[in-house]
Amino acid sequence: MAHDTTKLAVLIDADNARPAIVEGLLAEIAKYGTAHVKRIYGDWTKPDLNGWKDVLLRLSIQPIQQFRYTVGKNATDSAMIIDAMDLLYVGRFDGFCIVSSDSDFTRLASRIRESGLTVYGFGERKTPEPFRTACDKFIYTEVLAGTTEAETEAAPKQRSAKELRGDTHLMNLLRGAIEAASDDTGWAGLGPIGSIINKQSPDFDSRNYGYAKLSGLIKGIGLFDTEERHIGNGKHIYVRPRAPKK
C-alpha cells in the first residue's frame, strides 16, 4: 500500500514522551502514512504538561483530558487503550502509532496486530522489550531530530567500523538477512535485507548506530561489497559479503 494512502491513528502518552521530539516524530510518521487522527493523553490541569501546550495547536494534535483519579494508577494508559480499541473497531485505519515508553501498551499492540493492522511504536531506549517486540516496528525517540542543543547531544554518535564489527548481535543480524535475501550470485537487494531485519528485530534502526540509512551503516562496517543498479526508473542497492583477501 502506498504511503500517501495509508491511514494512521497517532496516540501519544504525554506522561511518557517529551515535547521536543514532536516535530521529528510527525516527520517520521509521514514516512509510513498519513496521520488522520492525532491525539495526546494526559492530565492537562497539571503543570508538568505545560511544555506540550505550545505545540499542540500548531501541529493540530488533539489533547484528551484524563484526570488522575487515584495516586499511583495511570488513568492515561486506560484512556489511550479504550480509544485505540474504539478506533480499531471503526475500521478506517491501516495502522496505529503508539508513542510511549510504557510496557502497559504491550497487549494493545499485540491486539491491533492480530486484527491485521500495522503498529509503529515510539519510545525512549528505556522502553521495556515486550512492548518493543510487540510492534511491527519500534523507533527510539532519541534518533528523532531535537530542537535544542541538549537534544542534539543526546542523539546517537556514529560508531566506527571497529565498534560495528565488534557488535555481535548487529553482525549476526546483517549477515543472516543478507544470506536469506541473496540470489544465486550472492547479491541481495537492500530492500529485502531491511524487511528481514525488521521482522527479526522491530527496534532495529541504522540511526541507533549514527547512520542515517541502512546503506550507510553497511558501508561503514567495511566488510560488504555494494553496488548500485538501475532497474526501470529507479536505483537499487545490492549487497554481498566481501571476499576475504588472499
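G191 is found in helix 9 of this predicted model. Along the chain, G191 and A181 are 10 residues apart. Their C-alpha atoms are separated by 9.3 Å.

**Helix 8 and helix 9**

Two packed helices are described by the angle between their axes and the distance between the axes. Here the pair is helix 8 (residues 168–181) and helix 9 (residues 190–200). Their axes come within 9 Å. They cross at roughly 125°. The crossing of helix 8 past helix 9 is right-handed.

Which residues make the contact? Helix 8 supplies L173, L174, A177, I178, A180 and A181. Helix 9 supplies P192, I193, I196, I197 and Q200.

**A188 in strand 7**

A188 lies in strand 7 (residues 188–189). Its relative accessible area is 0%, so A188 is buried; the cut-off for that word is under 20%. What does A188 touch, leaving out residues up to four places away in sequence? The list is I178, A181, S182, I193, I237, Y238 and V239. I178 and A181 also take part in the contact of helix 8 with helix 9, and so does I193 from helix 9.

The table sets out two C-alpha separations.

| Pair | Apart in sequence | C-alpha to C-alpha |
|---|---|---|
| G191 and A181 | 10 residues | 9.3 Å |
| A188 and D136 | 52 residues | 22 Å |

**The open sheet**

Strands of a sheet pair through backbone hydrogen bonds, either parallel or antiparallel. How many strands form the open sheet here, and in what order? Six strands form it, in the order 3-2-1-4-5-6. The pairing is parallel. Strand 3 (62–65) and strand 6 (137–140) are the edge strands, and each pairs on one side only. On average, neighbouring strands of the sheet are turned by 20° against each other, direction ignored.

Strand 1 (residues 7–13) and strand 4 (residues 95–99) run parallel. Five bridges join them. Across this pairing, A9 stands opposite F96 in strand 4.

Terms used:
Residues are numbered from 1 along each chain as its sequence is written. This is a predicted model: local features need pLDDT of at least 70, side-chain atom pairs count only at pLDDT 80 or more; totals for chains, interfaces and linings use all residues. Side-chain values use heavy atoms; hydrogens and water are left out. Axes are lines fitted to C-alpha atoms, for helices over the stretch in contact, and angles run from 0 to 180 degrees between N-to-C directions. Helices (H or I, at least four residues) and strands (E, at least two) are DSSP runs, numbered from the N terminus. A crossing is left-handed if the near helix is turned anticlockwise from the far one by less than a right angle, and right-handed if clockwise. Contact means heavy atoms within 4.5 Å. Two strands pair if DSSP finds at least two bridges between them. Buried means under 20% relative accessible area, exposed over 50%, partly exposed in between (1.4 Å probe, protein chains only).
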